[in-house]
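Good morning, and thank you for coming. I would like to take you through one structure, beginning with a single residue and ending with the contact between the chains.

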There are 2 protein chains.
Amino acid sequence: MLVVKKFGGTSVGTPERIINVAKRCIEDYRKGNDIVVVLSAMGQSTDELIDLAHQVNPRPPKREMDVLMTTGEQVSVAMMAMAMDALGVRAVSLNAFQVAMHTTSQYGSARLKRIDSERILHELEDRKIVIVTGFQGVNKYDDYTTLGRGGSDTTAVALAAALHADACEIYTDVDGVFTADPRVVPNARKLKEITYDEMLDLATLGAGVLHNRSVEMAKKYGVVLVVRSSLNNSEGTMVKEDVKVERMLISGVAVDKNADRISLIGLKDVPGVAFRVFDILAKANINVDVILQSIGRDGTKDISFTTNDDSAEDALKVLEDNKERLQYKSLDIKKDVAKVSIVGAGMMSNPGVAAKMFEALYNEDININMISTSEIRVTVLIDEKDADRAANAVHDAFGLAE
Amino acid sequence: MLVVKKFGGTSVGTPERIINVAKRCIEDYRKGNDIVVVLSAMGQSTDELIDLAHQVNPRPPKREMDVLMTTGEQVSVAMMAMAMDALGVRAVSLNAFQVAMHTTSQYGSARLKRIDSERILHELEDRKIVIVTGFQGVNKYDDYTTLGRGGSDTTAVALAAALHADACEIYTDVDGVFTADPRVVPNARKLKEITYDEMLDLATLGAGVLHNRSVEMAKKYGVVLVVRSSLNNSEGTMVKEDVKVERMLISGVAVDKNADRISLIGLKDVPGVAFRVFDILAKANINVDVILQSIGRDGTKDISFTTNDDSAEDALKVLEDNKERLQYKSLDIKKDVAKVSIVGAGMMSNPGVAAKMFEALYNEDININMISTSEIRVTVLIDEKDADRAANAVHDAFGLAE
């Protein structure tokens, strides 16, 4: 078996934790498996490097920021190889240049294009554990790039695909994927298996332990993902195309308190209005989530949408700047809202899932602001203060704890 | 003019100092010069990385140690490029892979073999300041290497040679090369110029601000070195093949308190004894300095040599291990000794220089243990307690302060 194992910054945050991860990998290696380890930068080192950069330049050029940031993973992989050597196992660290990890050119948010597998396969044949820097790549100018958020997960999945690995294990500080956030819903249950599509929806909705890009890539290349804890030996959750276990109606409940609702009031009720609004937002690089348009009345209509806390101010600004072009009466923002979603491939063949969710909320006297649905997802926007109560009520209504 | 400027770890030890170095380089750049900057790791970062490594492995593999260490210079060059950007100048950082800096394979003590100059020249044509990681290289296995002690100086000189630079400026925390260590000899004087050979002897004798390897390389490729202060704008000392200024009898006095004397007493007075002794030491990688062999008497002779504090214990051990083979009566070590040397290309054509030195020491009532000379150098071994007094006496005797 060839297994790619990815450990995040917390898991390698101290020399002691690095030794623990090394032991864990060696255990698997001694069973005869080929092991490729992908690491993030140690704990707080990323923040420290950003802070250092800002001391010489408040807006550091992205190319140089990537040169600086890539040192973080390089420290991790060297330390891990040293720890394994101390435990009597041959290991070798490789950075993005050595692998090589070819990416697109955008510094800070590059995308993986191609991975050369020769060097890694050669080292594996030599019975070494291969330790690869996550998050980083090299572009066509022979410059370092970084992959942006969730980058190390993406590196691990891409490596698993390139090497035709039998599995890609993503180690986190939780035991796997749960039916809901256990901090919010105390009787949330760990899922044994989940489909890529369900995982994608959960990731988008803020409940995911995995980043969307890595799940998309895993789906595209059929890489079996295993989300498991770096702190214990519990089995984790398997993410794959088709799950064997009896299909549940829904797989999980996700809560995203990071949502803001922005409303444009009194837009002219003529064709092309919605296009103009969202075109302007897209060009300003603002991610829009749930969209609701009121039915026209008296020749005007309202458009509301949700975005996350980070983008809300930018969205307001760009909409204000374009007030003349868009011709709305007023602009409104509501920050104390939350999205609660249910996700499940099972709902495709089961009508009435949405109704059941609404009933659960009604029974709790929780008012729904907006509704949005997809084939395998129902999302409602509610007041933030009701979010945890809503999540528990919905979780119970679908019997997810059993 | 194309100028290579090298700044050590102290000069880039804090964000403020990095900004200062950036300003200094930009000043020169704005005069129309092409600037290549070579940097060491920031201040204490090397020690911190070594400490980190030892927390997972008391004897870290050298290959991985180099992977870890090279992150130090990478942080420096990224920070410098950011600082220059903040000051409105286009700059680009390059690491050993990007340049590329080809070295021999030995991790931790590689030697530069070849430098590709295309990328650097291309960036210079684009009117960018090019900032290169010192100390590091890449070997034929596509692995990071480091150059060992004085590595960043060597990188700078090698780059100056490869790029046919007009000068290679080595910035330090002193104003240049002095006739003696100003902390020991208060009226020591800064030299305007010095030859490669004199500088080599001064470096070997522990008085040099430059490492031997970099001076040797500068001599080999005819690179004009300038040793100058990173703290002020004073002119520094030029190191080159031939000096224009009126030749002084000697250029400087060097003191090395880091010397130990080891004596083998009662060796058999037969051919091949000295060979065996120093062959054994060489194979144990022990650098031997001054050697003195007594005239044989009663069929036995003594051999004494000096080595530095770091190697003395190893030397004693290897000699004890080989006692049977070498057949000496006893082994003696004297640690409180110092070497005092005078260096000067001028002494080649002036007999009596050594005598003048001995006279100065005699006048101070300082006893000489051992003597060693070369064409442009006279070294004496004396008691460590007399070292500073000896240096001042010799400095005065040759009128170096004038």
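Does Asp142(B) count as buried, exposed or partly exposed? Asp142(B) counts as partly exposed because 14 C-beta neighbours lie inside 10 Å. The scale is this: a residue is buried if 20 or more other C-beta atoms lie within 10 Å of its own, exposed if 12 or fewer, and partly exposed in between, with C-beta atoms placed from the backbone.

Before going further, please note that this is a predicted model, in which local features need pLDDT of at least 70, side-chain atom pairs count only at pLDDT 80 or more, and totals for chains, interfaces and linings use all residues. Residues are numbered from 1 along each chain as its sequence is written, while chains are lettered from A and ligands numbered from 1 in the order in which they are written.

Let me stay with the backbone. Most residues other than glycine have a negative phi, and most peptide bonds are trans. Asp142(B), however, has a positive phi, near 70°, and is found in the loop between strand E7 (136-138) and strand E8 (144-146) of chain B. Helices (H or I, at least four residues) and strands (E, at least two) are DSSP runs, numbered from the N terminus. Arg127(B) is not a glycine either, yet has a positive phi of about 60°. Arg127(B) is in the loop between helix H5 (118-125) and strand E6 (129-133) of chain B, and counts as exposed, because 11 C-beta neighbours lie inside 10 Å.

As to peptide bonds, the one joining Val99(A) and Ala100(A) is cis, with omega about -10°. In chain B, the bond from Val99(B) to Ala100(B) is cis, with omega near -10°. Ala100(A) has its place in the loop between helix H4 (96-99) and strand E4 (101-103) of chain A.

I turn to the relation between the chains.

How many residues of chain B are in contact with chain A? The contact joins 28 residues of chain B to 28 residues of chain A, where two residues are in contact if their C-beta atoms, placed from the backbone, lie within 7 Å. On the side of chain B that touches chain A, H3(B) gives the most, with 14 residues. That side has 19 nonpolar, 6 polar and 3 charged residues; here Ala, Val, Leu, Ile, Met, Phe, Trp, Tyr, Cys and Pro count as nonpolar, Asp, Glu, Lys and Arg as charged, and the others, Gly among them, as polar.

Helix H2 (residues 45-56) of chain A and helix H1 (residues 15-29) of chain B pack at about 45°, with axes 9 Å apart; axes are lines fitted to C-alpha atoms, for helices over the stretch in contact, and angles run from 0 to 180 degrees between N-to-C directions. The contact is made by Leu52(A), Gln55(A) and Val56(A) of H2(A) with Pro15(B), Ile18(B) and Ile19(B) of H1(B). By class, this contact has 5 nonpolar, 1 polar and no charged residues.
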